[in-house]
Amino acid sequence: MPYTIPNVLVTTDWVAQHAADAGVRVVEVDVDTAAYDQGHAPGAVGWNWTSDLCDTLIRDIVPMKKLEELLGRSGIDNKTTIVLYGDNNNWFAAWAFWQLKIYGHDDVRIMDGGRKKWLAEGRELSTDKPAAAAKTYKATGPDMSLRAFLPEVQAAVKSKSASLVDVRSPQEFTGEILAPPGLPETCQRGGHIPGAKSIPWAKACNDDGTFKSFEELKSLYEAQGITADKPVIAYCRIGERSSHTWFVLKYLLGFQKVTNYDGSWTEWGNLVGAAVEKP
Amino acid sequence: MKPEEYSRRRAEVGGWAIEIETYRLGDVYHTTIYNADPGARFARADGSTKEEAEERALEKASKYLAQTRRF
């Protein structure tokens with residue numbers, strides 16, 4: 001069975017053939033902000049998640065005006081097909097996808113397999129930064145039905161009105177570690193939000209970084225009681241891994257009510273007095 | 001240019017499972033180290049040989065992993 005919205009994914013072959021097409025803009029967004037400069041798919045623009053895709057003063061997603069400027073100088077208008085890809089199996093490509101949907105961009109796609117697959121296939125890399133003719137972009141929204149804030153999560157925990165999916169590693173979920181191994185600790189307490197199910201984001205991917213099939217994904221979530229008939233809130237540590245799971249649930253499996261709680265564990269695990277579950 | 005000699009393998013450092021990715025671009029070998037779970041990159045280094053790039057990256061990885069506490 002095909003994904004619910006199959007055209008949100010493109011293959012590495014497709015990108016190699018269409019990256020230079022008029023009306024298409026390929027964008028690389030990596031966890032490793034130096035990776036783009038090392039070499040990227042020819043014609044791809046690079047976005048930095050730490051500066052381009054957030055508010056750098058307060059903790060928040062990118063403000064609308066800033067996004068409009070970013071898209072405009074990237075040569076993107078409202079009709080452009082944006083193809084996102086990145087390292088870590090598209091963590092921050094999914095983060096960018098989520099924000100572009102919040103601001104109403106119609107045609108956004110993800111290159112299945114991301115940077116990992118592109119490299120493994122030995123495809124061409126360029127260090128040239130494409131000179132894009134600036135365009136005018138007008139965002140809409142923001143559509144906050146795609147995003148969960150703390151009060152909604154607290155209400156959902158209390159009323160059990162939504163399924164919570166913790167997409168971090170099992171060791172983060174149990175509180176054995178406070179951050180992924182090798183990375184700085186960014187919370188005061190370990191554990192998870194009461195009632196959350198542990199379904200690590202990576203279980204949605206094959207070894208080559210591509211997404212698993214519709215049937216495999218459906219089984220993965222159903223096995224934990226996560227079904228489309230109940231709203232779902234996904235969270236991780238800072239919201240990027242959970243945007244990956246949000247993408248899977250909403251676009252590949254077709255869940256109608258799924259939100260990304262980008263405050264995630266760095267918010268919940270630092271709250272004074274917040275309930276924490278530790279198995 | 002194209003990435004060549006791409007490799008990705010699992011290893012263990014300080015009791016933590018990691019993945020080591022290395023490839024050559026021109027004359028430079030690039031190594032990136034990820035924790036095996038959740039798969040986050042946390043160390044990288046370059047070198048003129050594969051061994052040199054991996055050794056440098058592993059040195060950084062060992063330092064960072066030593067700071068990860070278990071509760």
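**Exercise 1.** State how far apart the C-alpha centres of domain 1 of chain A and domain 2 of chain A lie, and describe the contact.

*Solution.* Step 1. A distance of 23 Å separates the C-alpha centres of domain 1 of chain A and domain 2 of chain A. Domain 1 covers 6–140 and domain 2 covers 147–268, with bounds from an automatic or database domain assignment. The model is predicted: local features need pLDDT of at least 70 and side-chain atom pairs pLDDT 80 or more, while totals for chains, interfaces and linings use all residues. Residues are numbered from 1 along each chain as its sequence is written, and chains are lettered from A and ligands numbered from 1 in the order in which they are written.

Step 1. Domain 1 of chain A contributes 18 residues to the contact and domain 2 of chain A 15 residues, where contact requires C-beta atoms, placed from the backbone, within 7 Å.

Step 2. On the domain 1 side, α4 (87–102) and α5 (114–120) of chain A each supply at least two residues; α4(A) has the largest share, nine residues. Helices are DSSP runs (H or I, at least four residues), as are strands (E, at least two), numbered from the N terminus.

**Exercise 2.** Describe the side of chain B that touches chain A.

*Solution.* Step 1. The contact involves 25 residues of chain B and 27 residues of chain A.

Step 1. Elements giving two or more residues to the chain B side include β1 (4–13) and α1 (50–66) of chain B. β4(B) gives the most, with four residues.

Key: Contact = placed C-beta atoms within 7 Å.
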